[in-house]
Every structure is written in C-alpha cells, then in structure tokens.
Amino acid sequence: ADSKTEVDAAAGDAEGGVSGAHSDESLPGPVRIVRRKLKAAAYGQDWRKLFAKIDRDRSGELDVEELTGFVRRILRIPPAVLTPADVVELQRYLDTTCDGLISIAEFEAFLRGEGPRGE
C-alpha cells in the first residue's frame, strides 16, 4: 500500500464532532489528508488550545513554518506523504484572507468543514 493510502486509512473517517458541508472527497489531496488527521487529533479537544499549541510564537496566526511543524510533529505526516510543496498548498487553502497567515477563525472554519472563502 502507498503511504497516502495508509495515512487515509489510519485517519479513518473519524468525525470528532466536526461536521461539514464540504465532502472530504472534493478537497485537494494534501488538504484531504490533513483534514482527516486533524479531525482525529482535534477529537474531544478545545480547538483554541490545539491552535495555541501550534502557534509557537504566540502571534495568534500560523505561518508556513508553524504549519509544517504541526503537520510533522502533531499529525505525524512525513514528507514522503505530504511534501513541503503540499504543505504550502495546504497553507494557501486555509488562508482565506490571502495574507500568508492562518488565523484561529480560518483554522476553526477548516475544522468545521467550511471550504475556502466560506464555501
């Protein structure tokens, strides 16, 4: 089995109390992988606490380095499954304001299953 399939299978379809209008299947591959893993990681957790754990510089926003650290250390998705270019694609998808950073509101919208720009 390839690594992406293993990650998808390991993440399963755990909803973690997160519902969403956007079907995971309609998402770009890297976004879908992270969404599934994130739902499992966020299950039963306060999203703001999870965000604070990721926001290493306490700026209230995530840059691509913090997002990469989150993907690698907390979600445990290796570069063979989600390349650095995939992480940049993910960051662009989550960054609905196009300011290069992910706010808590953008992070929560993603967890709720909202698409880019409130779709």
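Predicted model: local features only at pLDDT ≥ 70, side-chain atom pairs only at ≥ 80, totals over all residues.
Helix axes are lines fitted to C-alpha atoms over the stretch in contact, and the angles between their N-to-C directions run from 0 to 180 degrees.

On the α2 side, the contact involves V31, V34, R35, L38 and A42. These residues meet F107, F110 and L111 of α6. By class, the contact of α2 with α6 comprises seven nonpolar residues, no polar residues and one charged residue.

Helix α2 also packs against α5, at an angle of about 80°. The axes of α2 and α5 are 8 Å apart. This pair, too, is therefore roughly perpendicular. P30, V31 and V34 of α2 make the contact with D86, E89, L90 and Y93 of α5. Five of the residues in the contact of α2 with α5 are nonpolar, none is polar and two are charged.

A further partner of α5 is α4. The axes of helix α4 (residues 64–74) and helix α5 (residues 84–94) come within 10 Å and cross at roughly 115°. The crossing of α4 past α5 is right-handed. From α4, the contact draws on V64, L67, T68, V71 and R72. From α5, the contributors are P84, V87, V88, L90, Q91 and L94. Eight residues of the contact of α4 with α5 are nonpolar, two are polar and one is charged.

Burial in α5 is one-sided. The buried residues of α5 are D86, V87, L90, Q91, Y93 and L94. They lie on the same side of α5 because they cover an arc of only 160° around the axis. The face turned away from this buried side carries the exposed residues P84, A85 and R92.

F110 belongs to helix α6. Its relative accessibility is 3%, so F110 counts as buried, the cut-off being under 20%. Not counting residues up to four places away in sequence, F110 touches V31, V34, R35, L38, L90, Y93 and L94. Of these contacts, V31, V34, R35 and L38 are in α2 and also take part in its contact with α6. L90, Y93 and L94 are among the buried residues of α5. The C-alpha atoms of F110 and D95 are separated by 9.9 Å, and the two residues are 15 residues apart along the chain.

Note on methods. Residues numbered from 1 in each chain as written. Heavy atoms only, no water. Helix = DSSP H or I, 4+ residues; strand = E, 2+ residues; numbered from the N terminus. Left-handed = near helix turned anticlockwise from the far one by under 90°. Contact = heavy atoms within 4.5 Å. Nonpolar A, V, L, I, M, F, W, Y, C, P; charged D, E, K, R; others polar. Parallel < 35°, antiparallel > 145°, perpendicular 65-115°, else oblique. Buried < 20%, exposed > 50% of the residue type's maximum accessible area, 1.4 Å probe, protein only. Arc of directions from axis to C-beta.
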